Amino acid sequence: MQTGEGSNQGSRLDQWLGSYAARTRGMTASEIRALFAVASRPEVVSLAGGMPNLTALPMDVVGRAVSSLVAENGPVALQYGSGQGDPELRLRILDVMVPNRVTAHPDDIVVTTGSQQALDLVTRIFVDPGDVVLAEAPSYVGALGVFRSYQADVVHVPMDGEGLIPSALSDTLVSLKRAGKRVKLLYTVPNHHNPGGVTLSPERRPQIVEIARRFGVLVLEDDPYGLLGFDGDPVPALHSLDPDGVIYLGSFSKTFAPGFRVGWAVAPHAVREKLVLASESAILCPSSFSQMAVTSYLAEHDWKHQVGVFRELYRERRDAMLHALGDMMPTSSWTSPQGGFYVWVRVPDGLDTKAMLPRAVTARVAYVPGTAFYADAQGHDHMRLSYCYPSPERIREGVRRLAGVIDQELDV
Ligand code: PMP
């Protein structure tokens, strides 16, 4: 085995250990990833993963769209495309954003490989090591992974039942400014938060945007669940209040299918140009095939009706989850999501959801410990439960098993 000299020392497990860039230090496998292997065993009720439920997707329609795409337009669909994304898809995305009141020119849109890539691109063009990224407490685990990989200093801002707390945001910004920190982004999931299960109230939205603007902080609004609200109309996006101060991220993963890996960013003109350059250097262009498949699905299928079908499917599961929790977990408390996939549960004092997880998996139920959703050591007293994937009966069974585990822990 060859090892380097000086500080470039390898190890028996990884001969290149001494060669990695400093930024890889923040790259550690998420708790969710480690769980997937165990939780995917059929006897385990997984309330852990946030996989969209595709049982309601008309596969025959998708299949026809895909095969006619190749038959009729193969040489274009299978070719490289524009780095910014297919112009026809960008036009259709404008329609998809109407309910959330995001207005833009098609040139303001950059198509990405899921919104996950947009998170990466935005962080790449704005964040130097040590720059602060503000994020809700708790925050989306996949975004935290991106911020960590660019060596950002993530500072959490508390939420309550109405979402991010404006006074906490301005207090945090004042103290960071005093400490001489550079705050680059406010990352927020305002609708049907992952993992918090809350939505930022309409009253707070202008306040959040105003505070960010006052402190010169760009808002990164991540909105994959905006169309998946169970009651009433969607609340207007933060972007609608300040298009120059907000980058809006959307995705087809939850309203159509995640396997196509199509998402997008809407950004101010100059930012958009940098995003396109960054994306070209990462992937040259998003998949032409996926983009054209999504475009033809949007053009030929009643996608709004389909979103309604998904909404009803998730509502039924949300109801099953909340009923089961109410019936069986009297010592815990939880959020009541009005949309999306997740419930954020606070367990009784003294319990540690991370330590408890192996016992839960032995009892054939899985969840994600709260610690996964913080960049610091918080979250031991919380867990995220997803209701999107299992059937209502399995959800009830999963909660029954979980309640049994919690009761046992309390007895010890
Ligand atoms: N943001 C949030 C809040 C999410 O929950 C997810 C998916 N779990 C993503 C972004 C990434 O979605 P995709 O890359 O599939 O568009």
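## Overall fold

Of the contacts in the protein between residues at least 6 apart in sequence, 75% join residues at least 24 apart; two residues are in contact if their C-beta atoms, placed from the backbone, lie within 7 Å. This is a predicted model, in which local features need pLDDT of at least 70 and side-chain atom pairs count only at pLDDT 80 or more, while totals for chains, interfaces and linings use all residues. Residues are numbered from 1 along each chain as its sequence is written.

The protein has 12 helices and 14 strands (DSSP runs numbered from the N terminus: helices are H or I with at least four residues, strands E with at least two). The radius of gyration is 22 Å, close to the 22 Å that the globule rule gives for 412 residues, so the protein is as compact as a globular protein of that length. That radius is taken over C-alpha atoms, and the rule is 2.2 Å times the number of residues to the power 0.38.

## Nonpolar cores

Buried residues make up 45% of the 412 residues. A residue is buried if 20 or more other C-beta atoms lie within 10 Å of its own, exposed if 12 or fewer, and partly exposed in between, with C-beta atoms placed from the backbone.

The largest nonpolar core has 68 residues, and those touching the most other members are Val 133, Leu 134, Leu 185, Ile 247, Ala 265 and Val 294. Such a core is a set of buried Ala, Val, Leu, Ile, Met, Phe, Trp, Tyr and Cys residues joined through C-beta atoms within 7 Å. Apart from neighbours within four places in sequence, Val 294 is in contact with Leu 89, Phe 252, Phe 256, Phe 260 and Val 262. A second, separate core of 40 residues includes Leu 47, Ala 366, Cys 388 and Leu 402.

## Ligand shell

The ligand is surrounded by 14 residues, of which the closest are Gly 114, Ser 115, Gln 116, Ser 251 and Ser 253; a residue is near the ligand if its C-beta atom, placed from the backbone, lies within 6 Å of it. Helix H4 (residues 114–126) gives the most to this shell, with three residues.

## Backbone details

Most residues other than glycine have a negative phi, and most peptide bonds are trans. A cis peptide bond joins Ala 137 and Pro 138, with omega about 5°, and another joins Asn 194 and Pro 195, with omega about 15°.

Arg 261, not a glycine, has a positive phi of about 55°. Arg 261 counts as buried because it has 20 C-beta neighbours inside 10 Å.
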